[in-house]
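Open the model in your viewer and keep the selection tool at hand. We will go stop by stop.

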Amino acid sequence: MPEEPVFAVMYDFDKTLSPKDMQEYAFIPAIGMTPEEFWAECDRMMRAYDMDQILAYMYVMTNKARGTFLFTRETLRALGKAVELFEGVPGWFRRINAYAGKLGMKAEHYIISSGLKEIIAGTKIAGSFERIYAADYCYDERGVPFWPSMAVNFTSKTQFLFRINKGVLNVTDNDPLNEFMPEDRRRVPFRNMIYIGDGLTDVPCMKLVRSNGGHAIAVYQDSREMVNALLLQGRVDYVLKADYSKGGALEKTVFAVMDQAAAMNRTIGLHVGSVETARAQLEARKKQAWARAAGENGEMTEGSGPDEGNGPCGI
Ligand SMILES: [Mg+2]
């Protein structure tokens, strides 16, 4: 367990930290398609073969790249350089970390995205994240993809919340993830979590975090109409413009949630302390009762006291 409580901020990527889908910045122009054509082709593949939506776009990317774009881990990572970020994003993580430090917590940032891991890994903020959970390929020794290794769709996104919650961060560690773990032994309790996303694909994560005592924020660019519905349907706690600037409404809201989490951590700590004192007193009383009973029955031995159900009356 970490020394200080961990406060985890989890982000969707496309339209949450960046204004467009990541493929639209450099990849789609490179293969000579428009975004509309590209996404229509992904949709067609998905319907034609009853494919998972993420596997469909991953296939279309490799297929359409043939003869137009050298498709390797390296070139995908290079695409990340063209990805634009919302106002204030580059300095955001440092500000959140500093505020958590003031509250006696450690902030950790995680990406949970249906986009491509290697493109996100190529952005200038990649180093700010504890983990980037996103779609990815298996690459051969030349860095050429030969099979999908991970497809993260809207419901599979939720497994990563449990990974963060239990501290089982490696995607191949499945048994420890599914083993029972009491709430008080989990590395990041849900109350110390905030999920930031922009749309319907984030709803399962938002709901899961909220229903376990954490918070969810829906961000928007121009119109808040769609995300208003998420708020009014009880799927998120706050609707805010995707502006991560210093002193902005989003920062103030996240700071307020962190204040609440820090206060909760303190009150829960006091409660646990109180329970431990009560248990210690109860234990001391049991020992006294056992000592008294032992005095009355010289033959008694440790472990056979009255509270173990094997006392003088049980003999
Ligand atoms: Mg999104």
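Start in a helix. Select Ala-229, which is found in helix H10. Ala-229 counts as partly exposed because it has 14 C-beta neighbours inside 10 Å. The cut-offs are these: buried means 20 or more other C-beta atoms within 10 Å of the residue's own, exposed means 12 or fewer, and partly exposed lies in between, with C-beta atoms placed from the backbone.

Residues are numbered from 1 along each chain as its sequence is written. pLDDT is the predictor's confidence in each residue, from 0 to 100. Colour by it: the mean for the protein chain is 91, and 94% of its residues reach 70 or more. Then select residues 305-315, where pLDDT stays under 50. The model has 18 contacts beyond four places in sequence for this stretch. A contact means that two C-beta atoms, placed from the backbone, lie within 7 Å. Where pLDDT is low, the predicted coordinates should not be read in detail.

**The sheet**

Switch to cartoon. Helices (H or I, at least four residues) and strands (E, at least two) are DSSP runs, numbered from the N terminus. In what order do the seven strands of the open sheet stand? The order is S4-S3-S2-S1-S5-S6-S7, with mixed pairing. Strand S4 (145-150) and strand S7 (238-241) stand at the edges with a single partner strand each, so one side of each has no neighbour in the sheet. From one strand to the next, the twist averages 25°. Two strands pair if DSSP finds at least two bridges between them.

**Strand S5**

Select 193-197, strand S5. Is S5 mostly covered or uncovered? It is mostly covered: five of its five residues are buried. Show the side chains. Met-193, Tyr-195 and Gly-197 point one way, Ile-194 and Ile-196 point the other way, and all are buried. In a regular strand the side chains alternate between the two faces of the sheet.

S5 pairs with S1 in the parallel sense, over four bridges. Pick out two facing pairs: Val-9 stands opposite Ile-194, and Met-10 stands opposite Tyr-195. Helix H9 (residues 203-211) packs on the sheet and touches S2, S5 and strand S6 (215-220). The direction of H9 makes about 160° with that of S5. Such angles run from 0 to 180 degrees between N-to-C directions, and the axes are lines fitted to C-alpha atoms, for helices over the stretch in contact.

S5 and S6 run parallel and are joined by four bridges. Find Gly-197 and its bridge partner in S6, Ala-218. S5, H9 and S6 make a right-handed β-α-β unit. Right-handed means that, with the strands pointing away from the viewer, the path from the first strand over the helix to the second runs clockwise. S6 and S7 also pair in the parallel sense, over four bridges. Here Tyr-220 stands opposite Lys-241. Between S6 and S7 the chain passes through helix H10 (residues 225-232), and this β-α-β crossover is right-handed.

Select helix H11, residues 249-296. Its 48 residues should span 70 Å at 1.5 Å a residue, and the end C-alpha atoms are 71 Å apart, which agrees. The expected span is 1.5 Å times one less than the number of residues. Leu-250, Val-254, Val-257, Met-258 and Ala-261 of H11 are buried. Their cover includes S1, helix H5 (89-102), S5, S6 and S7.

Next, H2. Its 15 residues should span 21 Å, and its end C-alpha atoms are 21 Å apart.

Asp-50 follows H2 and lies in the loop between helix H2 (35-49) and helix H3 (53-65). Its phi is positive, about 50°, although it is not a glycine. Asp-50 is exposed, with 7 other C-beta atoms within 10 Å.

Finish at Lys-15, in the loop between strand S1 (6-11) and helix H1 (27-30). Lys-15 has a positive phi near 70°. Buried or exposed? Lys-15 counts as buried because it has 20 C-beta neighbours inside 10 Å. Most residues other than glycine have a negative phi.

Definitions and conventions. This is a predicted model: local features need pLDDT of at least 70, side-chain atom pairs count only at pLDDT 80 or more; totals for chains, interfaces and linings use all residues.
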